[in-house]
Amino acid sequence: LHVTFIDKEGAEHSFEVSAGDNLMDIAQAEDLEMEGACGGSCACSTCHVIVEDPEKYDAMPEPSDDENDMLDLAFGLTETSRLGCQVKMSKEIDGVRIRLPSMTRNLQAADFKGAKKS
């Protein structure tokens with residue numbers, strides 16, 4: 001199975017993954033910028049991702065009520081937004097392209113390091 005993440009700068013990162021791996025764990029294992037403040041328990045929106053392919057989005061199981069409640073808090077919500085911790089890789093979504101949003105809403109001081117250009 002393959003997944004491609006598109007980071008905030010627009011760079012693409014493709015990985016071979018296993019069925020059952022969730023997008024948040026994959027991104028964190030590969031040192032991509034995805035926070036996951038609640039540790040994957042569907043209690044925050046910091047692992048918000050945007051599924052680039054509407055067909056792949058439709059092939060995913062429906063978001064739970066809990067996930068939808070958290071997505072309502074996400075920055076830059078789209079029609080194909082999901083929480084990375086809730087999307088498990090499967091053959092139905094092999095090759096999925098996932099965009100990492102430019103911001104998340106669980107801001108901490110570390111999010112601003114290097115942001116100032118002088």
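How many helices and strands make up the secondary structure of the protein? The protein has three helices and five strands, taken as DSSP runs (H or I of at least four residues for helices, E of at least two for strands) and numbered from the N terminus. Along the sequence they follow the pattern β-β-α-β-α-α-β-β.

The model is predicted: local features need pLDDT of at least 70, side-chain atom pairs count only at pLDDT 80 or more, and totals for chains, interfaces and linings use all residues. Residues are numbered from 1 along each chain as its sequence is written, and side-chain values use heavy atoms, with hydrogens and water left out.

Of the 118 residues, 38% count as buried (under 20% relative accessible area; exposed is over 50%, partly exposed in between; 1.4 Å probe, protein chains only). Among contacts (heavy atoms within 4.5 Å) between residues at least 6 apart in sequence, 66% join residues at least 24 apart.

F15 lies in strand 2 (residues 12-16). F15 is buried because its relative accessible area is 15%. Beyond its neighbours within four places in sequence, F15 contacts L1, H2, V3, F5, I26, E30 and L32. F5 is 10 residues from F15 along the chain, and their C-alpha atoms are 8.4 Å apart.

D65 belongs to helix 3 (residues 65-71). D65 counts as exposed because its relative accessibility is 62%.
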